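Hi there,

Here is the structure I promised to pass on. Have a look at it first, and my notes follow below.

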Amino acid sequence: MGVITYTDEYTSPIPPARLFKALVIEAHILIPKLLPQAGKSIEIIQGDGGAGSIRQITFAEGSQFSTVKNRIDDLNEKTYSYKYTVIGGDALADKLELIVHEVKFEATAERGSKNKMTTKYHTKGDVVIKEEEIKAGKEKVLGMYKVVEGYLLQNPDADA
């Protein structure tokens, strides 16, 4: 098994508390509402939504994947940090054992946030993940962030 690690940073005019709440705490409500063409539903199928809980994401028809199961490893509303592991679903296919995502939202001097993301792909055997596949996944995540950010900018009282 190999591990491929990618890091990324993204800045936003939205303060960390609002962005964290929208993208992490209320993702199961907000993402299917704002991106119905991508996500059909996000359900907690085990636990209370905190660390140790399992979430199932069901994608819309025509999506590249049908479902993904995530285990929430850490959820800290005080430090705006979140870690989860993709443990099941067709996103893993026959190439990956699991995918670990770590996200941290930090305040900026401009009253926005800097969002640091680290993703670790744990491959099966000597499987190689192509750069294009990683880039496509990162672009989808950034696209989701931009939609949520736009919603929060247009709705200043939402997720305050």
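**What I found**

Strands β4 and β5 (residues 81-89) are antiparallel partners, joined over eight bridges. Please keep in mind that this is a predicted model. Within this pair, asparagine 76 sits opposite serine 81 of β5. The two strands make a hairpin with four residues between them, and tyrosine 80 in the turn has a positive phi of about 55°.

Tyrosine 82 has valine 103 in β6 as its bridge partner. β5 and β6 also form a hairpin, this one with six residues between the strands, where alanine 93 adopts a positive phi near 45°.

**The whole sheet**

These strands belong to an open sheet of seven, in the order β1-β7-β6-β5-β4-β3-β2, with antiparallel pairing. At the edges are β1 (3-12) and β2 (39-46), each of which pairs on one side only. From one strand to the next, the twist averages 20°.

**The helices**

Helix α2 (residues 27-34) packs on this sheet and touches β2 and β3, with its direction at about 165° to that of β2. Helix α3 (residues 131-154) lies across β1, β6 (96-107) and β7 (113-123), and runs at about 25° to β1.

Which residues of α2 are buried? They are Ala27, Leu30, Ile31 and Pro32. The cover over these buried residues includes α1 (16-25), β2, β3 and α3.

How do α2 and α3 sit relative to each other? Two packed helices are described by the angle between their axes and the distance between the axes. For α2 and α3, the angle is about 95° and the axes are 11 Å apart. Angles of 65 to 115 degrees count as roughly perpendicular, so α2 and α3 are roughly perpendicular to each other. In this contact, Leu30, Ile31, Lys33 and Leu34 of α2 meet Met144, Val147, Val148 and Tyr151 of α3. By type, the residues of the contact divide into seven nonpolar, no polar and one charged.

Best wishes

Terms used. Residues numbered from 1 in each chain as written. Predicted model: local features only at pLDDT ≥ 70, side-chain atom pairs only at ≥ 80, totals over all residues. Heavy atoms only, no water. Pairing = 2+ DSSP bridges. Axes fitted to C-alpha atoms, helices over the stretch in contact; angles between N-to-C directions. Contact = heavy atoms within 4.5 Å. Buried < 20%, exposed > 50% of the residue type's maximum accessible area, 1.4 Å probe, protein only. Parallel < 35°, antiparallel > 145°, perpendicular 65-115°, else oblique. Nonpolar A, V, L, I, M, F, W, Y, C, P; charged D, E, K, R; others polar.
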